[in-house]
Amino acid sequence: MARILRHRYFEDDGCAEPSRPVLHLGGAALFEPGGTESEQDGYWVGCARLGVDAQDEGWALWYTWDDQERAHTILTTALETTLDLLDNWAQGRDVHPAQPRRSQIRAVIRGWVGPVAQLRQHERAGLMLKPTHSRN
């Protein structure tokens, strides 16, 4: 019971729509334009490498696997969900989101690209893109 009470609910956590399956993630990151010119340039270059248009609010990167256990990165617009995931993980909560809606997915890329905020390990790896930290 205590574990359930410690869970902080968030948008697309699957509780409101139990028919949407849970997507187990190996990690997640936010990819946003920064405040400096060099950070913004890096964001534009990163978006071009990922094959997506730059958008002011940025992108969320979700790291998962397919049914054959091959790693994939999902580029999604689910920024609030990702922020809440990162906040829950920072508190040691093992939570995962519902599968994103098709309208939230911009691309699926084989392999894990960019920085990875890994569940349990809280490490950053594969530094192609600049990570954004969760809100306080």
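Colleague: What does the secondary structure of the protein come to?

Modeller: This is a predicted model. Its secondary structure comes to three helices and five strands. Along the sequence, the pattern reads α-β-α-β-β-α-β-β.

Colleague: How many residues of the protein count as buried?

Modeller: Of the 136 residues, 45% do. As for contacts between residues at least 6 apart in sequence, 67% join residues at least 24 apart.

Colleague: Take helix α2. How do you know that its span agrees with its number of residues?

Modeller: Helix α2 covers residues 37-50, which is 14 residues. At 1.5 Å a residue, they should span 20 Å. The end C-alpha atoms are 20 Å apart, so the two values agree.

Colleague: Which residues of α2 are buried?

Modeller: Tyr-43, Gly-46, Cys-47 and Leu-50 are. They cover an arc of only 100 degrees around the axis, so they sit on the same side of α2.

Colleague: What covers the buried residues of α2?

Modeller: The cover includes four strands: β1 (27-31), β2 (59-65), β3 (71-76) and β4 (105-110).

Colleague: Which residues are on the other side of α2?

Modeller: Glu-37, Ser-38, Trp-44, Ala-48 and Arg-49 are there, and they are exposed.

Colleague: What follows α2?

Modeller: Gly-51 does, and its phi is positive, near 80 degrees.

Colleague: On to the rings. How many aromatic pairs does a search of the whole structure find?

Modeller: The search finds three. One of them is Tyr-63 with Trp-112.

Colleague: Why is the pair of Tyr-63 and Trp-112 called tilted?

Modeller: The ring centres are 5.5 Å apart, and the planes meet at 55 degrees. Stacked needs under 30 degrees and edge-to-face needs over 60.

Colleague: Where in the chain are Tyr-63 and Trp-112?

Modeller: Tyr-63 is in strand β2, and Trp-112 is in the loop between β4 and β5 (117-118). The pair links distant parts of the chain, 49 residues apart.

Colleague: Why does Tyr-63 count as buried?

Modeller: Its relative accessibility is 0%. Buried means under 20%, so Tyr-63 qualifies.

Colleague: What makes Trp-112 partly exposed?

Modeller: Trp-112 has 28% relative accessibility. That value lies between the cut-offs of 20% and 50%, so Trp-112 counts as partly exposed.

Colleague: Why is the pair of Trp-65 and Trp-112 tilted?

Modeller: The planes of these rings are at 55 degrees, with the centres 5.4 Å apart, so this pair is tilted. Trp-65 lies in strand β2 and Trp-112 in the loop between β4 and β5, so the pair ties together parts 47 residues apart in sequence.

Colleague: What is the relative accessible area of Trp-65?

Modeller: It is 42%, so Trp-65 is partly exposed. Together, Tyr-63, Trp-65 and Trp-112 form one aromatic cluster.

Colleague: Now His-72. Why is His-72 called buried?

Modeller: His-72 is found in strand β3. Its relative accessible area is 14%. The cut-off is under 20%, so His-72 is buried.

Colleague: What joins the side chains of His-72 and Asp-66?

Modeller: A polar contact of 3.0 Å does.

Colleague: Leaving aside its neighbours within four places in sequence, which residues is His-72 in contact with?

Modeller: Among them are Tyr-63, Trp-65 and Trp-112, along with Asp-66, Val-108, Ile-109 and Arg-110.

Conventions. Residues are numbered from 1 along each chain as its sequence is written. This is a predicted model: local features need pLDDT of at least 70, side-chain atom pairs count only at pLDDT 80 or more; totals for chains, interfaces and linings use all residues. Side-chain values use heavy atoms; hydrogens and water are left out. Helices (H or I, at least four residues) and strands (E, at least two) are DSSP runs, numbered from the N terminus. The expected span of a helix is 1.5 Å times one less than its number of residues. Buried means under 20% relative accessible area, exposed over 50%, partly exposed in between (1.4 Å probe, protein chains only). The arc is that of the directions from the helix axis to the C-beta atoms. Contact means heavy atoms within 4.5 Å. Rings of Phe, Tyr and Trp (its six-membered ring) pair if their centres lie within 6.5 Å; planes under 30 degrees apart count as stacked, over 60 as edge-to-face and the rest as tilted. A polar contact is a pair of N or O atoms within 3.5 Å; within protein, one must be able to donate a hydrogen and the other to accept it, and residues adjacent in sequence count only if both atoms are side-chain atoms.
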